[in-house]
Amino acid sequence: MPSHGQGLRFAHAISIRRDAAAATTQLAKAISSKLEGPPDLLMINASGDHALGAADLATMLRHETQARSVIGCSAAGVLAGTAEIEQKTGVSVLAASLPGVEIVPLSRDTLRKVSDEGTEAFIRHLPADHAGRHAATVVFADPFSTPVASLITGLGAAHTRSGEG
């Protein structure tokens with residue numbers, strides 16, 4: 001992980017290349033030219049054909065960038081900087097170097113368990129020692145595939161139990 005003295009750093013890139021391998025190479029080169037070392041977090045937004053192959057695209061991007069954590073979603077359009085791609089195949093990434101930050105991504109399967117099992121499922125998937133260290137929760141979710149109400153309830157209960165809420 002980068003040293004604490006370097007501060008938070010972010011970089012973004014976008015590609016309209018339809019070939020996933022070509023898009024991955026383009027994005028990884030752009031990110032590596034803007035960040036020193038691998039990102040701690042890589043957020044991927046994919047549209048068109050890339051959305052259909054999102055799992056493979058994420059695997060390739062993780063490998064090429066050596067990102068420690070990867071999250072992503074599909075979209076009708078993607079953005080990066082001043083560039084916008086709508087209703088076409090495209091992919092954008094936001095990479096973050098976050099010294100001293102612990103990232104705990106929740107998977108789609110975890111979110112399904114929250115929906116099926118409720119708050120207790122959410123709390124079981126948090127790090128056991130997160131109490132007192134938790135500073136923020138960032139959620140990228142859409143209302144069609146994410147149990148938003150259960151997730152919000154679970155977050156509230158987890159924060160209350162840890163003495164943070």
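Ala-30 lies in helix 1, where helices are DSSP runs of H or I with at least four residues and strands are E runs of at least two, both numbered from the N terminus. Ala-30 is partly exposed at a relative accessible area of 22%; buried means under 20%, exposed over 50%, and partly exposed in between (1.4 Å probe, protein chains only). Ala-30 and Ala-11 are 19 residues apart in sequence, and their C-alpha atoms are 8.4 Å apart in space.

The model is predicted, so local features need pLDDT of at least 70 and side-chain atom pairs count only at pLDDT 80 or more, while totals for chains, interfaces and linings use all residues. Residues are numbered from 1 along each chain as its sequence is written, and side-chain values use heavy atoms, with hydrogens and water left out.

**Strand 1**

Strand 1 covers residues 9–15, and its side chains alternate. Strand 1 pairs with strand 6 (residues 90–97) in the antiparallel sense over seven bridges; two strands pair if DSSP finds at least two bridges between them. Ile-14 has Ser-92 of strand 6 as its bridge partner.

**Nonpolar core**

The largest nonpolar core has 16 residues, of which Ile-31, Leu-42, Ile-44, Leu-61, Val-91 and Val-93 touch the most other members. The elements giving two or more residues to this core are strand 1, helix 1 (20–34), strand 2 (41–47), helix 3 (54–65) and strand 6. Such a core is a set of buried Ala, Val, Leu, Ile, Met, Phe, Trp, Tyr and Cys residues joined through side-chain atoms within 4.5 Å.

Leaving aside residues up to four places away in sequence, Leu-42 touches Leu-61, Thr-65, Ala-67, Ser-69, Val-70, Ile-71, Val-93, Leu-94 and Ala-95. Contact here means heavy atoms within 4.5 Å.

**Helix 3**

Helix 3 has 12 residues and reaches 16 Å from its first C-alpha to its last, close to the 16 Å expected at 1.5 Å a residue; the expected span is 1.5 Å times one less than the number of residues. Its buried residues are Leu-57, Leu-61 and Thr-65. Seen down the axis of helix 3, these buried residues fall within an arc of 45 degrees, so they line one face of the helix. The arc is that of the directions from the helix axis to the C-beta atoms. The face turned away from the buried side carries the exposed residues Ala-55, Asp-56, Thr-59 and His-63. Cover for the buried residues of helix 3 includes helix 1, strand 2, helix 2 and strand 6. Gln-66 follows helix 3 and has a positive phi, near 60 degrees.

**Salt bridges**

The count comes to two salt bridges, each a side-chain nitrogen of Lys or Arg within 4 Å of a carboxyl oxygen of Asp or Glu.

| Pair | N to O distance |
|---|---|
| Asp-49 and Arg-18 | 2.5 Å |
| Asp-40 and Arg-68 | 3.1 Å |

Asp-40 lies in the loop between helix 1 and strand 2 and Arg-68 in the loop between helix 3 and strand 3 (69–74), so this pair ties together parts 28 residues apart in sequence. Asp-40 is buried at 1% relative accessibility, whereas Arg-68 is partly exposed at 37%.
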